[in-house]
Amino acid sequence: MTETAVSTHKPQPGVAVLVEPPGATTVPRRRKDSAGRLRALDGLRLVAALMVALYHYGGRGGEVAQAWGTSPEDQFPTLHSLFAYGCLGVQVFFVISGFVICMSGWGRPLKSFFASRASRLLPAYWVAVLIVTAVFALPMVAYKAVSPSDALVNLTMLQMPLGVDRVLGVCWTLWAEVRFYALFALCVVLPGANRRRVIMFCAGWMLAAVIAENANMPLLDIVLMPEYAPFFIGGIGLYLVHRDRRDVYGWGIVAVSWLIGQHYAVQGLWHAPDPEAFSYRSSFGIIAVVTFGFVAVAAIALGLLNRVNWRWLTVAGALTYPFYLVHEHLGWVVIHALHRGLGLASGVTFALTVASMLLLAWLLNKYVEKPLTPLLRAALAKAR
């Protein structure tokens, strides 16, 4: 969700070689991998973000129904049941994140890794928090704004563990990402990334997460994230496969991650058919979307989508993170204005809302991320 598909096997764009830490296990490189950018991964990230937007605008109840004036089930009587599967775009994001974080952290010292992650996440996030807080404080906006104190806490990205009201509804996924970054940094990046260490990390995390599921210890659940760990771990396994498609351990990590990941997805998102429920997701549908995420990243990892190398996909990847941040809550405001204020049809409102959020994402990328990300990265990299 928060990653950019950087140049293959390069810690940073423009760095021509991969520096292995002392004592690292040499990993065979695949042909042509050092050449360019994984633009198909950028495109997949945008697909996952749009899936989540479909869910937030037309696949669930709650406050979006207030924006439409009625339930999205009434607005989209046929499509709402398909939109309900869009929430699984988060799991697709996590698989992508596992792949990219392993790629980004390989051969990079901890300080550089931290600077890269913080500078990637924070500038757009800070501005998104301020924008949503300001918009929700307007008297003509009917949605409840968080308190000034809570809004300030949200700038730390630690509102979830502190139990503070969230400014951005999607920030719970960022909290999962941050915990993943911390685990990977401490267990892999700090001692130095190599194949053996990455494999042991994946095996240890998966085993510990499974054990934690029934340990009834909230702290273990917070740290190990049993319901999301298989998706991050599966992405890491796919990066091992990307480095060497004959890596049996990599394929084993992917297979186990998919098997356990689909279990958690079905367990969390399936329910028996209920006329009172907003939507019904079948177990087969949930498994199919999870499988799509793994298969799509695997196709990219194996080079099967190398021809999907259009330059505009780089732009799509750059827009994904800011779009993801702002689309839900600001989307409610736009839907209300277009559908209930101007009387536009549901389909037109839906399309224009997505387009307006993409435009805002482009503005955030151009005027916030592009100037501030390198400045913050440089400042953090130089700091003692």
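Close-up 1. E369 is buried, at a relative accessible area of 5% (buried means under 20% relative accessible area, exposed over 50%, partly exposed in between; 1.4 Å probe, protein chains only). R120 is buried too, at 11%. E369 and R120 form a salt bridge, with the closest N and O atoms 3.0 Å apart (a side-chain nitrogen of Lys or Arg within 4 Å of a carboxyl oxygen of Asp or Glu). The pair links distant parts of the chain: E369 sits in helix α16 (residues 346–382), R120 in helix α6 (residues 110–136), 249 residues apart. Helices (H or I, at least four residues) and strands (E, at least two) are DSSP runs, numbered from the N terminus.

This is a predicted model: local features need pLDDT of at least 70, side-chain atom pairs count only at pLDDT 80 or more, and totals for chains, interfaces and linings use all residues. Residues are numbered from 1 along each chain as its sequence is written, and side-chain values use heavy atoms, with hydrogens and water left out.

**Close-up 2. The D247 and R195 salt bridge.** The N to O distance is 2.8 Å. D247 lies in the loop between α12 (229–243) and α13 (248–269), and R195 in helix α10 (residues 195–213), so the pair ties together parts 52 residues apart in sequence. D247 is buried at 4% relative accessibility. R195 is partly exposed at 23%.

**Close-up 3. The R60 and E328 salt bridge.** Their closest N and O atoms are 3.9 Å apart. R60 belongs to the loop between α1 (39–58) and α2 (63–68); E328 belongs to helix α15 (residues 312–341), 268 residues apart. R60 is partly exposed at 30%, while E328 is buried at 7%. The whole structure holds four salt bridges.
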